[in-house]
Number of protein chains: 2
Amino acid sequence: MAPSAAEALRAAGLRVTESRAAVYEALREHPHAAAETIHGIVAEGMPRTNVQSVYNALGDFADAGIVRRIEPAGKPMLFELRVGDNHHHLVCTVCGTVRDVDCAVGHAPCLEPVSTHGFAIASAEVTYWGVCPACAEPDAPRRTSDAPRRTVEAPPRTSPAPTHTSEREEGTP
Amino acid sequence: MAPSAAEALRAAGLRVTESRAAVYEALREHPHAAAETIHGIVAEGMPRTNVQSVYNALGDFADAGIVRRIEPAGKPMLFELRVGDNHHHLVCTVCGTVRDVDCAVGHAPCLEPVSTHGFAIASAEVTYWGVCPACAEPDAPRRTSDAPRRTVEAPPRTSPAPTHTSEREEGTP
DNA sequence: AAGTTATTTTGAATCACTCAAAAGAAGGCT
DNA sequence: AGCCTTCTTTTGAGTGATTCAAAATAACTT
């Protein structure tokens with residue numbers, strides 16, 4: 001059983017405030033949420049809260065080591081409570097959904113590069129890109145939750161463009 | 001014996017312009033460069049070029065499959081010419097220098113997640129974070145490459161950022 | 001050489017996040 | 001309980017990186 005948000009905060013040496021507790025709770029419900037998303041949730045119950053406070057809280061949490069920041073390419077920062085177990089992420093290239101993937105090794109760095117180039121490696125971050133089950137369905141309900149609003153830019157850009165229609169316009173609705 | 005920039009562009013089905021060729025060349029000299037960096041280089045010989053053109057060119061290159069975008073957490077987008085071989089990156093948490101690391105497997109996805117959660121995995125992106133040899137030296141000359149200007153946000157939460165976008169440097173081998 | 005289409009320029013907007021000062025709470029102390 | 005100090009939240013801006021769009025210009029085709 002999870003401790004209360006207040007306990008978790010206090011345990012991390014942080015002052016307990018309603019706002020922080022709300023941010024913490026929101027993160028429990030949305031394990032990979034952007035600051036804006038969290039703000040939206042928190043603001044439902046506390047209309048006077050603003051995004052800055054959320055950023056503050058999240059930053060403090062991160063400094064205190066109770067949240068981890070993740071930044072998938074082309075997406076805004078996401079925050080998660082799961083820390084210290086060096087897990088990785090699966091990101092849907094269509095809707096942006098993120099899922100945790102356990103790390104087989106469990107501690108960082110879990111991988112060794114072929115050549116270190118003399119670097120003192122501290123960690124290996126792995127992001128898997130793919131299409132989630134929901135988006136794979138023909139008539140996908142297209143859920144855009146904690147998702148992307150600029151083009152989902154990602155590694156799967158490796159595909160060459162043999163046909164060069166060179167169109168740069170796509171759709172201006 | 002790389003083909004000329006013009007040849008490479010034409011082969012990719014892109015119109016050849018002085019500007020694009022310059023961007024392409026700049027990328028050859030700076031294998032992991034930010035748009036601003038490239039603009040700086042290109043502008044030396046073509047003072048009238050502006051950043052937008054560089055972004056346009058890079059975007060077109062990426063669409064055509066001849067450049068790959070990489071976005072290490074907390075840093076601006078970087079571009080590289082090495083495509084199609086699914087390599088990975090080593091990023092210095094201090095100065096931001098990026099180095100390529102060959103992928104042992106060579107094709108994407110080179111890793112399989114422990115659990116796919118039903119995703120159709122297309123690729124696995126690996127970023128190694130560590131301290132480069134130069135920054136590891138006691139009296140490190142502290143080089144700021146194509147580097148970080150907001151706090152170096154990354155798996156290893158390290159030190160504050162340098163002051164200004166000094167210059168390039170990155171891989172003078 | 002002219003025409004068509006793509007690209008560059010220009011100028012501006014946006015998003016996501018950060019900074020800083022002032023106002024407001026938390027928690028310790030008496 | 002009340003006071004005081006310190007930390008948080010609010011307020012109000014500011015910034016960097018990237019994107020958008022219309023007008024001007026240059027490539028390639030014929």
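Rotate chain A by 179 degrees, with 0.0 Å of shift along the axis, and it superposes on chain B with an RMSD of 0.1 Å. In chain A, the C-alpha of A:V126 is the nearest to the axis, at 2.3 Å. Both copies use the same surface: 83% of the contact residues of chain A recur in chain B. Two residues count as in contact if their C-beta atoms, placed from the backbone, lie within 7 Å.

This is a predicted model, in which local features need pLDDT of at least 70, side-chain atom pairs count only at pLDDT 80 or more, and totals for chains, interfaces and linings use all residues. Residues are numbered from 1 along each chain as its sequence is written, while chains are lettered from A and ligands numbered from 1 in the order in which they are written.

Along the sequence the pattern reads α-α-α-α-β-β-β-β-β-α. Helices (H or I, at least four residues) and strands (E, at least two) are DSSP runs, numbered from the N terminus. Of the 173 residues in chain A, 33% are buried. A buried residue has 20 or more other C-beta atoms within 10 Å of its own, with C-beta atoms placed from the backbone. Among contacts in chain A with a separation of 6 or more, 48% join residues 24 or more positions apart.

Now look at two helices of chain A. The axes of α2(A), residues 18–29, and α3(A), residues 35–45, come within 9 Å and cross at roughly 120 degrees. Axes here are lines fitted to C-alpha atoms, for helices over the stretch in contact, and angles run from 0 to 180 degrees between N-to-C directions. α2(A) and α3(A) are therefore oblique to each other. Oblique covers the angles left over when those under 35 degrees count as roughly parallel, over 145 as roughly antiparallel, and 65 to 115 as roughly perpendicular. Where do α2(A) and α3(A) meet? A:A22, A:V23, A:A26 and A:L27 in α2(A) meet A:I38, A:I41, A:V42 and A:G45 in α3(A).

Next comes the interface. Here 47 residues of chain A are in contact with 51 residues of chain B. On the side of chain A that touches chain B, β3 (88–92), β4 (98–101), β5 (120–131) and α5 (133–136) each give two or more residues. The largest share, twelve residues, comes from β5(A).

A sheet spans the two chains. It is open, has six strands in the order β4(A)-β3(A)-β5(A)-β6(B)-β4(B)-β5(B), and its pairing is mixed. Two strands pair if DSSP finds at least two bridges between them. The edge strands, each pairing on one side only, are β4 of chain A and β5 (98–101) of chain B. On average, neighbouring strands of this sheet are turned by 25 degrees against each other, direction ignored. How many bridges join β5(A) to β6(B)? Eleven do, and the two strands run antiparallel. A:V131 stands opposite B:A120 in β6(B).

Chain B also holds an open sheet of three strands, in the order β1-β3-β2, with antiparallel pairing. Its edge strands are β1 (33–34) and β2 (68–70) of chain B. Two bridges join β1(B) to β3(B), residues 78–80. B:A33 has B:F79 in β3(B) as its bridge partner.

Terms used
A residue is buried if 20 or more other C-beta atoms lie within 10 Å of its own, exposed if 12 or fewer, and partly exposed in between; C-beta atoms are placed from the backbone. Copies are superposed by least squares on the C-alpha atoms of residues with pLDDT of at least 70 in both.
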